[in-house]
Amino acid sequence: MLHGSGTTLQSVIDAINNGELEARINLVVSDNSNAYAIERAKKSNIDTYIINSKTKEDIDYELSSILEKYDVDLIVLAGYLKMIGNHLINNYRIINTHPSLLPKFGGKGMYGMKVHQAVWEAKENFTGPTIHFVNNEYDKGNIIIQTKIEIKDIDTPETISAKVQAIEKIQLVETLKRFAKGEL
């Protein structure tokens, strides 16, 4: 499930297509009908679905109804910004990618450049992506993997973002390999 351009989705599609990752993407879901990620999925012949509901409970019900039609082993949140409902949490394995070393700079409203700006303003020496299991609280699920990246004096929020995104894509593919092997 995602919201934006889908560069992380594309990295997973590429890893599957080049034989690096033995997996299948059955469905791409977004709450944004204008997300370029939907076009990326369509170009790769992956089914897509746009969420119509607005409340957490309605989204939970709507997604549960759709996911029942697909063989879903794992839900990956890659830029999806809304809270996931209890039915999904209780019935699916769900992971999320987050652009900071959680627990720092996590929680509601902390996503994308907001995270990188906050990291930069706090004059942190390190940042990096985190992949974690999803639970009932924003960015509080058990951490699967984090990769520490040094922040240099010349870095800006934009350069920090680029560094984190590059590692995040690699980290997600490696995590998905572990799922495919039954290690997680």
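Student: Is Lys 82 buried, partly exposed or exposed?
Tutor: Lys 82 is partly exposed, with a relative accessible area of 30%. Keep in mind that this is a predicted model.

Student: Which residue does Lys 82 form a salt bridge with?
Tutor: With Asp 31. The closest N and O atoms are 3.4 Å apart.

Student: Where do Asp 31 and Lys 82 lie?
Tutor: Both lie in loops. Asp 31 is between strand 1 (27-30) and helix 2 (36-43), and Lys 82 is between strand 3 and helix 4. The two are 51 residues apart in sequence, so the pair ties together separate parts.

Student: And Asp 31, buried or exposed?
Tutor: Asp 31 counts as buried because its relative accessibility is 17%, and the cut-off for buried is under 20%.

Student: How many salt bridges does the count come to?
Tutor: The count comes to 7. One of them joins Lys 104 and Glu 124, at 2.9 Å from N to O. That pair also links distant parts of the chain, 20 residues apart. Lys 104 is in the loop between strand 4 (93-98) and helix 5 (112-121), while Glu 124 is in the loop between helix 5 and strand 5 (126-127).

Student: What about Glu 174, which residue does it form a salt bridge with?
Tutor: Lys 177, with the closest N and O atoms 3.1 Å apart. Both sit in helix 6 (residues 157-180). They are 3 residues apart, so about one helical turn separates them.

Student: New topic. Where is Gly 79?
Tutor: Gly 79 lies in the loop between strand 3 (74-77) and helix 4 (86-91). At 35% relative accessibility, Gly 79 counts as partly exposed.

Student: Leaving out residues up to four places away in sequence, what does Gly 79 touch?
Tutor: Leu 2, His 3 and Thr 97.

Student: Zooming out, how many helices and strands are there in the protein chain?
Tutor: There are 6 helices and 8 strands. Along the sequence, the pattern is α-β-α-β-α-β-α-β-α-β-β-β-β-α.

Student: How does the radius of gyration of the protein chain fit a compact globule?
Tutor: It agrees. For 184 residues a compact globule would come out near 16 Å, and the protein chain has 16 Å.

Student: What share of the residues is buried?
Tutor: Buried residues make up 45% of the 184.

Student: Last one: how many positive and negative side chains?
Tutor: The protein chain has 21 positive and 24 negative ones. The centres of the two sets lie 2 Å apart.

Terms used
Residues are numbered from 1 along each chain as its sequence is written. This is a predicted model: local features need pLDDT of at least 70, side-chain atom pairs count only at pLDDT 80 or more; totals for chains, interfaces and linings use all residues. Side-chain values use heavy atoms; hydrogens and water are left out. Helices (H or I, at least four residues) and strands (E, at least two) are DSSP runs, numbered from the N terminus. The radius of gyration is taken over C-alpha atoms; the globule rule is 2.2 Å times the number of residues to the power 0.38. Buried means under 20% relative accessible area, exposed over 50%, partly exposed in between (1.4 Å probe, protein chains only). Lys and Arg count as positive and Asp and Glu as negative; His and the chain ends are not counted. The place of a charge is taken as NZ of Lys, CZ of Arg, CG of Asp or CD of Glu. Contact means heavy atoms within 4.5 Å. A salt bridge is a side-chain nitrogen of Lys or Arg within 4 Å of a carboxyl oxygen of Asp or Glu.
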